[in-house]
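Here is a short briefing on one structural model. Please look over the sequence and the coordinates, then read on.

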Amino acid sequence: MQGYIVRRLFQGVVLLVIVTTIVFAVGRLTGNPVDLLLPEEASEEERQAMIEALGLDGPVLEQFVVFIKGAVQGDLGVSIRYRQPAVDVFFSRLPNTLLLMPAAMLLAVFMAIPLGILSALRRGRLTDKVSGTIAVLGIATPNFWLGILLIYIFSVQLGWLPSSRMGDWSHYVLPTITLGTFLVAGFMRLIRSSMLDVLDSEFVKLARIKGLSEMRVVWKHCLRNALIPVLTLWGVFMGGLVTGTIVTETVYAWPGVGRLTYEAVIFRDYPLLQAVVIMDAVLILAINLVVDILYAYVDPRIRFT
Amino acid sequence: MNGDIALEVRDLHTHFFLRRGVVKAVDGVSFSLHRGEVLGLVGESGCGKSVTALSLLRLLPNEAARTVQGQVLLDGEDLLVKSKRQMRQIRGRKISMILQDPQTSLNPLFTIGNQLSEVISKIGAERGGGVMQQAIEVLRKVKLSAPEQRVRQYPHELSGGMKQRVVGAIAMNRGPRVLIADEPTTALDVTIQLQYLNLLKELQENTDMAILFITHDFGVVARMCDRVAVMYAGRIVETGPVREVFNNPSHPYTQALIASVPKLKRPEARLHTIEGQPPVLTDLPKGCRFEARCPHAEARCRAAYPDSFTVGAEHAANCWRLDPA
C-alpha cells in the first residue's frame, strides 16, 4: 500500500514537471506581455525597464531555469495586476473555490448514485427514460448558459435566490447546481451502465441464490463494484470540474480560483495565469491521489499489486 | 404424495418474449428428483438446461424471460406460486445452486469469510464461536487447505478449484434439500474436476440432499449420477437409470450423443457427429424436434410430437419408433 502511494506520488511529480514546461512554453508563445501592459505611448526606456522587471531579458532557456528554480521554492512570479506573489493571490482565493467544488461533488454523489441505481433497476421503464433524458440534457447544456438561465429564472423572474457573490447558504444554490449538473449527469449514466453490467454478473446471481434481500444484493454486492468505473473516470471529471469553476465563478461573480483564472486571462496577467494553471494541476493531481487511494481501498485486486 | 420425492417438476414452460418472437427455451419439462438421488440433465448448449435450473430458483436472467406454465414442487409445495419474500427464504436454505464459472461466481471486492458469513445464521455463529470461526469450519468441510487464512483472503488470491470449493460451501452450508449443480466442473482443470466430483459425492452421501447435475459430459454422468434425463430443444426426450440409458439408449438423439463420446478401445475411428442444427426455438416444428436430424425419421414424426414410451424399468423415451401399437 505504501509502495502504491509512493509510486502514485512520483507519477504526480513527473506530470507536474511536464505541465510546468508546457505552461512556460505557451506563455512565451502568446507574444510579449509588455506590449499589453504598457500604454501605447510608452517610451523605449519604460519598455526596457518593464522587460527587466519581469525578467524577460536573456535567453529563453535561462528564463526557464530561473522559472523552475523559483517554482520549486514555491515562487511562481509576481502578479502584474495585484503586485503580490502569484501563489499568495491563488491561495487567498482557493478557500472560496474549495467551498464550491465539494458542494458540486456532494450534489453529484447524492443525486447520481440513487438515480443511476434506479435507472438500472428499472431499465427501459419510465423512470429510466426520464432520467436518461435529463442526463443527456445535463451533459449537453454548456454551464455558462445553464448559469445564465438559472439566474434568469430564479433571481430575475422569481427573485428567490441571489444571482452573485458569496453570502449565506442561498448564495451556494445556483453555483452548485450550475457546476454540478454535468457531474450529476455523467456519473448517473456511468453508474447506470456499470450497474447493468454488475447486475448481470454471476456473483450477483450467487448472492441471490444465497437468499439475500434485494437491498443487500444491490447495496452490498452491486454498488461497490459499480462504483469502480466511476472512480476510474473520476480524474477526467475533476478536470471538467476545475474548468467548470472558471465559467461558473465568472457567471456568479464568485471570488474563487476560477474567476481568478478568468481575470488573469483578461488582464494578461501572465505570471498569475501561469501560477493558477500550475496550481490547478497540483489540485487535480492531489484529488486524483486521494481517489487512487480510495480506489485501492474499494478494490482489493489493486491493493495487492 | 410420495414422501420420497424431494423435487417434482411438472410441465415447466419458460419462454423469452423477445421482439423477434417467443423463444421457447423450456417447453414442457417434467421430471422428479428423489431424496439423496443425483439426476443428470444432459444436452447440448442452448437446449434449455440452465434456463430450467434458473426457473426452479425463479432467478431468470431478465424481464423478457417468464415461466408461463408448470409446477415446481419442493417437498410438495409449489415454488412458482410463492411470493418474492417467501422465495428468498427458500433459496439457499431449501434449494441452492452451484454456478459454472468459479472465476466470476464470487464477489471480487469481499473476503471469502465475508461472503461465507452471509450463509451463516446468527444462531450458528453463536454456537460455533463467532462467524469467522464458523466460516473456517465450513471451509474445512469442503476440504480447503489452510481455511484460517482463506477466510481473510479475496477471491483473486485463490485458484479456480479453491474458489469452486468456496462456492460449493456457500451453496450447501444450510443443508438444502435440493442442490442444482450447473456444469460445476466445466471450468476446472481435468485433475481438479475429479477431486471436486468426489467431494460433491462425499458431501451428499452424508445427507439426503438431492442433486440435479447439469452437464454435457457423459463421463461425469457415469461417475456422478443415478439417473439421467436427456434434453433436446427445450424438452426432455429420454429418462432412465444411467446404466440403462447407456446400455440401451432408445431415443435417436441419445444414441447419437453416446455414439459421439470418444472411446478408448477404438482410437483410430473418426468421432461420430450429429448432422444439422437443432431447431430454432422461436419456430418449433409441430412434430418431433429431432426429426430433421434423425436418421430414422418417418411421416408420423413430422405429424405429431411423440408420446413418452416405456422401454424398461423407470426408463422412457419420446420416440414414435418405440410405439408398441
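In this predicted model, α5(A) passes α6(A) in a left-handed crossing; left-handed means that the near helix is turned anticlockwise from the far one by less than a right angle, right-handed that it is turned clockwise. Local features need pLDDT of at least 70 and side-chain atom pairs count only at pLDDT 80 or more, while totals for chains, interfaces and linings use all residues. Residues are numbered from 1 along each chain as its sequence is written, with chains lettered from A and ligands numbered from 1 in the order in which they are written.

**The α5(A)/α6(A) pair**
- The axes of α5 (residues 86-121) and α6 (residues 126-140) of chain A come within 8 Å and cross at roughly 135 degrees.
- Axes are lines fitted to C-alpha atoms, for helices over the stretch in contact, and angles run from 0 to 180 degrees between N-to-C directions.
- α5(A) and α6(A) are therefore oblique to each other.
- Angles under 35 degrees count as roughly parallel, over 145 as roughly antiparallel, 65 to 115 as roughly perpendicular and the rest as oblique.

**Chain A overall**
- Chain A has 14 helices and zero strands; helices (H or I, at least four residues) and strands (E, at least two) are DSSP runs, numbered from the N terminus.
- Its C-alpha atoms fill a box of roughly 85 × 55 × 30 Å along the principal axes.
- Of the 305 residues in chain A, 36% are buried.
- Buried means 20 or more other C-beta atoms within 10 Å of the residue's own, with C-beta atoms placed from the backbone.

**Helix α9(A)**
- Seven of the eight residues in α9(A), residues 202-209, are buried.
- Among them are F203(A), K205(A) and R208(A).
- Their cover includes α8 (170-199) and α10 (214-232) of chain A, and α1 (49-57) of chain B.
- Just after α9(A), G211(A) takes a positive phi of about 90 degrees.

**Nonpolar cores**
- The largest nonpolar core has 131 residues; such a core is a set of buried Ala, Val, Leu, Ile, Met, Phe, Trp, Tyr and Cys residues joined through C-beta atoms within 7 Å.
- α8(A) gives the most to this core, with 14 residues.
- Another core, of 21 residues, lies apart from it and includes V89(A) and L285(A).

Definitions and conventions:
Buried ≥ 20, exposed ≤ 12 C-beta atoms within 10 Å, placed from the backbone. Contact = placed C-beta atoms within 7 Å.
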